[in-house]
Amino acid sequence: MIFNPFFYLQAILLAFGQIWANKTRSLLTALGIVVGVGSVCAVIAALTGFEQKILREFETFGASRLFIFPNRPEATSRQRYPWNRVRLQVSEAEAIASQCPSVRCITPISDMTMTAESSLEQLEAVNVVGIWPAWHEVENRQVIVGRAFSQIDIDSARQVCLINEAAIEELRLPEDPIGEHILLGGRRFLIVGIVETIQGRMFGGMNTSRTEIFIPFSVVEKLQDSWFFMRFAAMALSPQHAEEARAEIMHVMRRGRGIGRGEPDTFRVEAIDQYIDQFKSMAAAITAIAGGIVGISLLVGGIGIMNIMLVSVSERTREIGLRKAVGATPAAILLQFLLEAVTLCLVGGFLGVAIGQGLAFAMMMIPQAGLEHATVPMWAIAIAFGFSALVGIVFGMFPAIKAARLDPIEALRHE
């Protein structure tokens with residue numbers, strides 16, 4: 001009997017008949033599954049929307065961008081690799097610019113914290129960044145008023161600066177501050193341009209919601225000691241040339257530093273796709289953990305399923321006795337009640353997915369929430385149904401076994 005496909009169809013139809021005959025009780029029984037699946041779907045939709053938003057930020061950041069940092073090899077002593085062997089040099093940026101055909105442009109970058117002072121306002125701990133003119137192309141942030149740094153500014157270490165719009169407001173400068181002077185660390189700098197504001201930038205130093213001041217990199221070299229930290233930011237010819245540019249940079253850097261075959265790098269070159277891969281791994285882990293925690297509620301729903309199935313076995317004891325009396329095997333009785341439990345869980349899972357989809361749509365409608373890409377992915381729906389079925393099997397097994405082991409004579413005597 002249990003190998004007959006019609007048996008399973010009949011058992012499922014019987015399960016739906018039981019659900020329909022006891023609609024309120026079935027709905028309350030499946031409520032735990034509904035809430036659990038709906039919660040899992042809503043959490044995963046929110047995390048998926050957040051992930052998509054961050055990934056789009058990465059894309060706007062530029063897939064052609066490369067970053068070069070000093071890096072002391074792991075498990076090595078400071079004596080073997082002192083800072084003067086590890087730190088980047090301006091000459092290395094110049095070598096990359098001239099010897100790497102796949103690199104479109106490159107700039108050294110160094111940050112300083114200084115006091116900025118106008119005639120009306122003084123700001124403490126303002127981030128001042130030393131750059132080359134190529135920085136605008138690398139970061140895709142142009143000068144909207146005035147001019148960018150010229151090569152003469154760099155070569156002559158002229159005390160000129162670029163500011164952003166937040167600096168105009170916070171330093172209480174005129175609307176057109178070009179030609180005005182500000183004091184940075186007590187030194188007088190001429191404002192020559194305003195850098196455009198681009199919201200939503202990531203990685204430190206790119207948050208344009210606060211004051212930013214840029215000065216020629218050659219000036220930063222003069223203002224700091226000879227061991228100051230610098231990094232490089234470069235732009236490949238295209239995203240397709242990023243890996244080639246990375247290989248060229250590593251070759252030029254290793255050759256310039258005299259690093260022999262088999263010796264570790266004293267720098268690292270990272271492309272934006274590496275950050276994307278790291279973020280995807282982190283996001284997947286967070287989604288799995290959050291989904292697992294919320295999924296615990298499904299176990300509570302499973303307990304409710306087991307409870308109501310035990311009640312059902314008790315109510316239908318005479319029916320079980322009659323079925324056994326006409327030839328039904330214990331395996332057939334077990335499968336019948338097991339299928340009823342699984343069907344009840346799957347119906348609850350379907351309602352939960354529908355509610356989860358509704359919550360995801362509601363999230364997309366919330367303004368300024370950053371969840372406009374919140375959706376329940378198909379894999380989450382498949383897992384929700386699969387886990388619902390598993391809950392039905394696990395928690396429906398005990399009542400099904402109890403029904404299968406009933407003695408037919410005792411069952412027929414049951415009132």
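Trainee: How do the residues of the lining of the largest pocket divide into nonpolar, polar and charged?

Mentor: This is a predicted model, in which local features need pLDDT of at least 70 and side-chain atom pairs count only at pLDDT 80 or more, while totals for chains, interfaces and linings use all residues. Residues are numbered from 1 along each chain as its sequence is written, and side-chain values use heavy atoms, with hydrogens and water left out. Ala, Val, Leu, Ile, Met, Phe, Trp, Tyr, Cys and Pro count as nonpolar, Asp, Glu, Lys and Arg as charged, and the others, Gly among them, as polar. The lining of the largest pocket therefore divides into eight nonpolar, four polar and no charged residues.

Trainee: Which element supplies the largest share of the lining of the largest pocket?

Mentor: On a 1 Å grid over the protein atoms alone, a pocket is an open set of points with protein on both sides within 12 Å along at least five of seven lines, a cavity is a set where a 1.4 Å probe fits but cannot get out, and lining residues have an atom within 4 Å of a point. The lining includes V40, G291, W379 and F387, and α2 (23–61), α10 and α13 each supply at least two of its residues. Helices (H or I, at least four residues) and strands (E, at least two) are DSSP runs, numbered from the N terminus. The largest share, six residues, comes from α10.

Trainee: What is the volume of the largest cavity?

Mentor: The whole structure holds two cavities of 30 Å³ or more. The largest cavity is lined by 13 residues, with Q18, R25, S26, M309 and L344 nearest its centre. A volume is the space filled by probe spheres set on the grid points, which are joined across faces, edges and corners. For the largest cavity, that volume is about 150 Å³.

Trainee: Which residue forms a salt bridge with E137?

Mentor: A salt bridge is a side-chain nitrogen of Lys or Arg within 4 Å of a carboxyl oxygen of Asp or Glu, and the structure holds eleven. E137 lies in helix α5 (residues 135–139), and its partner, 33 residues apart, lies in strand β2 (residues 103–117). The closest N and O atoms are 3.6 Å apart, and the partner is R104.
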